[in-house]
Amino acid sequence: MLCDTNLSLALKSEVGEYRIFNFSIFQIKNGGEQFENCKINLTRHAEINIKIKCPICGKNHCYKFKINDFRNTKMFTSGCENSGLTVFFIGEFEMISDTINKQIYINSMIYAMI
Ligand SMILES: [Zn+2]
């Protein structure tokens with residue numbers, strides 16, 4: 001059993017900013033959860049199904065994670081099948097917000113150097 005049933009998903013927007021959605025395993029167990037451009041379901045085999053409308057290529061992409069995978073890994077990064085660019089992070093809220101903050105910091109450093 002998971003100790004923590006809450007997960008977060010940070011989905012990139014068309015302008016490259018991330019929006020974080022929080023959900024629980026129980027929530028998606030009962031009919032799924034629909035966020036903007038993103039649908040999350042739980043399968044009978046304890047897998048989390050994520051369907052997104054890609055902010056980069058505009059097509060729909062599907063991803064699958066096993067609930068057990070989140071026991072050992074705090075965060076997964078998934079990308080666009082067509083471009084290879086990161087589209088979302090899923091996992092522990094703290095880990096995701098740290099990663100996004102680091103990216104914002106690195107991007108601001110890059111812009112400062114140009
Ligand atoms: Zn894509």
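Biologist: Among contacts in the protein between residues at least 6 apart in sequence, what share joins residues at least 24 apart?

Modeller: In this predicted model, the share is 35%.

Biologist: Why is Glu33 called partly exposed?

Modeller: A residue needs 20 or more other C-beta atoms within 10 Å to be buried, and 12 or fewer to be exposed. Glu33 has 19, so it falls in between and is partly exposed. Glu33 belongs to strand 3, residues 33–35. Beyond its neighbours within four places in sequence, it is in contact with Phe23, Gln27, Ile28 and Ile40.

Biologist: What share of the 114 residues counts as buried?

Modeller: 16% of them do. The largest nonpolar core has 16 residues, and Leu9, Ala10, Leu11, Ile52 and Phe88 have the most contacts inside it. Strand 1 (6–12), strand 5 (47–53) and strand 8 (86–91) each give two or more residues to this core. Ala10 touches, among others, Tyr18, Phe88 and Ile100.

Biologist: How do you know that strand 1 and strand 8 pair?

Modeller: At least two bridges are needed for a pair, and these strands have 4, in the antiparallel sense. Leu11 stands opposite Phe88 of strand 8. Both strands belong to an open sheet of 4 strands in the order 2-1-8-7.

Biologist: What makes strand 2 and strand 7 edge strands?

Modeller: Strand 2 (18–24) and strand 7 (75–79) each pair on one side only. Neighbouring strands of this sheet are turned by 20 degrees against each other on average, direction ignored.

Biologist: What makes helix 3 hardly covered?

Modeller: Among its 21 residues, the count of buried ones is 1. Helix 3 covers residues 93–113 and reaches 30 Å from its first C-alpha to its last, close to the expected 30 Å.

How values were computed:
Residues numbered from 1 in each chain as written. Predicted model: local features only at pLDDT ≥ 70, side-chain atom pairs only at ≥ 80, totals over all residues. Core = buried A, V, L, I, M, F, W, Y, C linked by C-beta atoms within 7 Å. Contact = placed C-beta atoms within 7 Å. Axes fitted to C-alpha atoms, helices over the stretch in contact; angles between N-to-C directions. Expected span 1.5 Å × (residues − 1).
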